Amino acid sequence: MKKLYGIIGDPVHQSLSPQMHNQEFEKLRIHAYYHPFRIAKEDLAVAIKGMKVMGVQGFNVTVPHKLAVMPLLDEIDPLAQKIGAVNTVVRKGEKFVGYNTDGMGFVRALQMDWKEDLAGESALVIGAGGAAQAIYFSLLSVGVKHIDICNRTVEKAEAMIDSSSSDTSSRALTLAEAEEEMGNYSFVIQTTSIGMASTEGKSPVSLDRLNAGAFVSDIIYNPGQTEFLKQAALKGAKTQNGVGMLVHQGVLAFEKWTGITPDVQRMTEVVTAHIGG
Ligand code: ATR
């Protein structure tokens with residue numbers, strides 16, 4: 001009998017995870033199947049219980065359940081606890097253990113596309129929502145010491161820094177302050193929704209002062225090149241869109257479930273085929 005995996009969310013039809021994971025199960029001859037489950041908010045607790053008793057081996061969690069699922073699990077990994085959100089659940093015996101692979105997925109993609117050793121670098125995170133929080137705590141966990149956060153609502157950036165127990169020199173900046181200081185950063189990460197469909201052609205900040213040697217990421221993967229990345233490329237920076245983060249959060253989940261590293265290139269092709277890249 002095939003082992004069952006899946007993703008819970010609402011909506012969930014847009015998720016590329018079923019295609020990414022099922023392709024790898026098939027190619028690697030792993031006897032398993034990954035199914036999208038649309039679960040309404042009010043049904044979350046009963047869904048988790050159902051998956052437990054039906055023997056589901058692991059699942060991803062997406063909007064709107066990433067926070068709400070936490071008290072329904074048996075254990076939470078320390079990094080997921082810090083981030084305050086779970087996107088991957090692994091069955092360990094009779095326990096469901098929650099992890100967050102979003103932030104480390106971003107870090108892995110950055111290491112592959114840019115450099116392995118990030119510790120000495122100086123980062124600017126734009127935005128202070130859930131994605132920014134996952135990335136911020138994951139960068140701290142791999143030893144990046146200098147990470148500033150800028151946000152339209154600067155208080156949210158301050159709260160994120162305050163919630164970090166690590167010894168950091170992080171500062172919370174307004175978007176205007178970040179524009180002024182842009183030249184100081186060796187990498188810049190755009191995590192807001194600005195640049196997606198309804199705001200296509202817009203950028204949350206000006207990159208006029210960007211250092212030409214900087215590495216610039218936008219976690220948006222559709223469109224494949226946002227206005228923000230276009231501006232960065234014009235400044236001579238190396239750029240990366242959100243495909244790598246999406247793929248690597250899946251790679252990390254797959255590894256946790258099976259102990260096997262899937263084919264990153266094949267998984268990337270699933271995503272790029274979808275966005276027409
Ligand atoms: P996610 O979980 O995807 O990160 P989120 O938690 O809703 O989504 O966070 C959205 C981020 O985009 C926030 O940093 C938000 O800024 P505020 O905290 O000030 O709301 C940012 N954002 C959304 N719309 C924006 C806009 N028009 N201009 C600037 N920032 C915006």
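Helices (H or I, at least four residues) and strands (E, at least two) are taken here as DSSP runs and numbered from the N terminus. The structure is a predicted model, in which local features need pLDDT of at least 70 and side-chain atom pairs count only at pLDDT 80 or more, while totals for chains, interfaces and linings use all residues. Residues are numbered from 1 along each chain as its sequence is written, and side-chain values use heavy atoms, with hydrogens and water left out.

Once neighbours within four places in sequence are set aside, the contacts of Ser-217 (heavy atoms within 4.5 Å) include Phe-106, Val-188, Ile-189, Phe-228 and Gln-240.

Strand E11 belongs to an open sheet of 6 strands, which pair in parallel and follow the order E9-E8-E7-E10-E11-E12. The edges are formed by E9 (172–173) and E12 (238–240), and because each has a single partner strand, one side of each is left without a neighbour in the sheet. Two strands are said to pair if DSSP finds at least two bridges between them; E8 (residues 146–150) and E9 are joined by 2 bridges in the parallel sense, and Ile-149 stands opposite Ala-172 in E9.

Helix H5, residues 130–141, lies across E7 (122–126), E8 and E10 (187–190), and runs at about 170° to E8, where axes are lines fitted to C-alpha atoms, for helices over the stretch in contact, and angles run from 0 to 180 degrees between N-to-C directions.

Helix H5 also gives the most to the lining of the largest pocket, with 4 residues, and E3 (58–61) and H9 (243–258) each supply at least two. The largest pocket holds about 1,300 Å³ of space, and of its 39 lining residues, Thr-62, Val-63, Lys-66, Tyr-221 and Leu-246 are the closest to its centre. A pocket is an open set of points on a 1 Å grid over the protein atoms alone, where a 1.4 Å probe fits, with protein on both sides within 12 Å along at least five of seven lines, and lining residues have an atom within 4 Å of a point.

The second largest pocket has a volume of about 310 Å³ and is lined by 16 residues, with Gly-127, Asn-151, Arg-152, Thr-192 and Ile-194 nearest its centre.

Methods. Grid points are joined across faces, edges and corners, and a volume is the space filled by probe spheres set on the points.
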